Amino acid sequence: AGKWPFWLSPRQAIVIPVAPVYQEYADQVATQLYNAGFQAESDKTQRRLPKMIRMAQQQQYNFILVVGEREQADGTVTVRVRDAKADEGACSVAEFIARLQSMANNRSASM
């Protein structure tokens, strides 16, 4: 499997909770992304956070969204791009969906 462009990728986004207590919020975010027309899922494994992120990178997800207490309280996600070494920062779920829609419409590889 190679690195698919975003608009063709079967694995566009994965939402990773920092702890099991945030799984429900991760599921909600994944559902919002899916309802907006994107291939998204939440990581339901009980692995440690670094392992979940590494597995998502190996599986070639275009975007890895990390959620925890702060993100749940603010209604945001912390965005990590597949090949990046660091997070891109936090943004609201609606803003992230708008960015994805723009990328899909323009067939752009970057945000």
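Visitor: Over how many bridges do β3 and strand β4 pair?
Guide: This is a predicted model. Strand β4 covers residues 76–81. β3 and β4 pair in the antiparallel sense. The count of bridges is 4.

Visitor: In β4, which residue is the bridge partner of L65?
Guide: L65 belongs to β3 and stands opposite V15. That is one partner; another lies in β4. In β4 the partner of L65 is V79.

Visitor: Do strand β1 and β3 run parallel or antiparallel?
Guide: β1 spans residues 13–17. 5 bridges join β1 to β3. The two strands run parallel.

Visitor: How many of the 5 residues of strand β3 are buried?
Guide: F63, L65 and V67 point one way from β3, and these are buried. I64 and V66 point the other way and are buried too. β3 is therefore largely enclosed by the rest of the structure, and its buried count is 5 of the 5.

Visitor: Against which strands do the buried residues of α2 pack?
Guide: Helix α2 covers residues 49–58. Its buried residues are M52, I53, M55, A56 and Q57. They pack against β1, β3 and β4.

Visitor: Is Y61 buried or exposed?
Guide: Y61 sits in the loop between α2 and β3. The cut-off for buried is under 20% relative accessible area. Y61 has 2%, so Y61 is buried.

Visitor: What is the length of the polar contact that joins the side chains of Y61 and E41?
Guide: Y61 touches several residues beyond four places away in sequence, including R11, A56 and E41. With E41 the link is between side chains. That polar contact is 2.9 Å.

Note on methods: Residues are numbered from 1 along each chain as its sequence is written. This is a predicted model: local features need pLDDT of at least 70, side-chain atom pairs count only at pLDDT 80 or more; totals for chains, interfaces and linings use all residues. Side-chain values use heavy atoms; hydrogens and water are left out. Buried means under 20% relative accessible area, exposed over 50%, partly exposed in between (1.4 Å probe, protein chains only). Two strands pair if DSSP finds at least two bridges between them. Contact means heavy atoms within 4.5 Å. A polar contact is a pair of N or O atoms within 3.5 Å; within protein, one must be able to donate a hydrogen and the other to accept it, and residues adjacent in sequence count only if both atoms are side-chain atoms.
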